[in-house]
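Let's take a friendly walk through a protein model together. Please have the sequence and the 3D view open as you read.

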Amino acid sequence: MENFGIIIKRNREEKGWTQKELAQKLHVSDKAISCYETGKGYPDITMLPAIARILELNYNELLDGNEYIINRKKKRLFILKIIILSLVFICLLFVISNMATPHDRKYTIKEQLIQADELSINYLSLKFYSSLGELLPAIEQGASGLSIICTS
């Protein structure tokens, strides 16, 4: 497998073009063509179809000779895999957090205020019933025949 730069240079020379002539056809500088051929630089990936068409190359042959593009594809694939795995992980965390029992879930401020009110009402009720419980023996002693029903 030939290097990308060698493929470009060989095909340019077969056509009898100078670097400047190829550069004009690709709308880049002749210095850019020199960089491509020496491997010091690479064209933008969007230029590859134009290079293949102008040099009458098989697009796959051009891509196969470009280690930079191959590595770039591998890097993009790796990043895509990381993104997908991250999304799956986030979804799993979301599902697990929603499966938590009700006492584990976080309450809104409104729900917390309602719970605090309920607690204070329950506390007052307990206080009332406990004081009523202290009064019951006195009431039973003082008033025979009086019955008090306490419900919770």
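The paragraphs below go from the overall fold to confidence, then to salt bridges, loops and the surface.

A word on ground rules comes first. This is a predicted model, so local features need pLDDT of at least 70 and side-chain atom pairs count only at pLDDT 80 or more, while totals for chains, interfaces and linings use all residues. Residues are numbered from 1 along each chain as its sequence is written, and side-chain values use heavy atoms, with hydrogens and water left out.

Start with the overall fold. The chain holds seven helices and zero strands, and its pattern along the sequence reads α-α-α-α-α-α-α. Helices (H or I, at least four residues) and strands (E, at least two) are DSSP runs, numbered from the N terminus. Of the 152 residues, 19% count as buried; buried means under 20% relative accessible area, exposed means over 50%, and partly exposed lies in between (1.4 Å probe, protein chains only). The chain exposes about 11,900 Å², with carbon and sulfur atoms supplying 61% of that area. Such areas come from the Shrake-Rupley method with a 1.4 Å probe, and for residues only the protein chains shown count as cover. Take the contacts (heavy atoms within 4.5 Å) between residues at least 6 apart in sequence: 50% of them join residues at least 24 apart.

How far can you trust each part? The predictor's confidence in each residue is the pLDDT, which runs from 0 to 100. Its mean over the chain is 75, and 59% of the residues reach 70 or more. Confidence is highest in helix α2 (residues 19–26), at a mean of 93, and lowest in helix α7 (residues 109–142), at 60. Over residues 143–152 the pLDDT is below 50, and this stretch has six contacts in the model beyond near neighbours in sequence. Where pLDDT is low, the predicted coordinates should not be read in detail.

Now zoom in on the charged pairs. Side chains of opposite charge can pair when their charged atoms come close. A salt bridge here is a side-chain nitrogen of Lys or Arg within 4 Å of a carboxyl oxygen of Asp or Glu, and a search of the whole structure finds four of them. One joins R10 to E14, with the closest N and O atoms 3.7 Å apart. Both residues lie in helix α1 (residues 4–14), four residues apart, or about one turn of the helix. R10 is partly exposed, with a relative accessible area of 28%, whereas E14 is exposed at 57%.

Are R12 and E37 buried or exposed? Both are buried, and R12 has a relative accessibility of 7%. R12 also forms a salt bridge with E13, the closest N and O atoms being 3.9 Å apart, and E13 is partly exposed at 47%. Together, R12, E13 and E37 are linked in a network of salt bridges.

Next, look at the loops. T18 lies in the loop between α1 and α2 and is partly exposed, with a relative accessible area of 40%. T18 and I33 are 15 residues apart in sequence, and their C-alpha atoms are 9.7 Å apart in space. Most residues other than glycine have a negative phi. H27, however, has a positive phi of about 60° although it is not a glycine. H27 lies in the loop between α2 and α3 and is exposed, at 73%. E56 also has a positive phi, of about 55°; its place is the loop between α4 (48–54) and α5 (59–64), and it counts as exposed at 64% relative accessibility.

Finally, turn to the surface. F78, I79, I82, I83, L87, F89, I90 and L93 form a nonpolar patch with about 800 Å² of accessible area together. Patches are made of residues with over 30% relative accessible area and no salt bridge, joining like charges within 9 Å and nonpolar side chains (Val, Leu, Ile, Met, Phe, Trp, Tyr) within 5 Å. I83, in helix α6 (residues 67–98), is partly exposed, with a relative accessible area of 45%.
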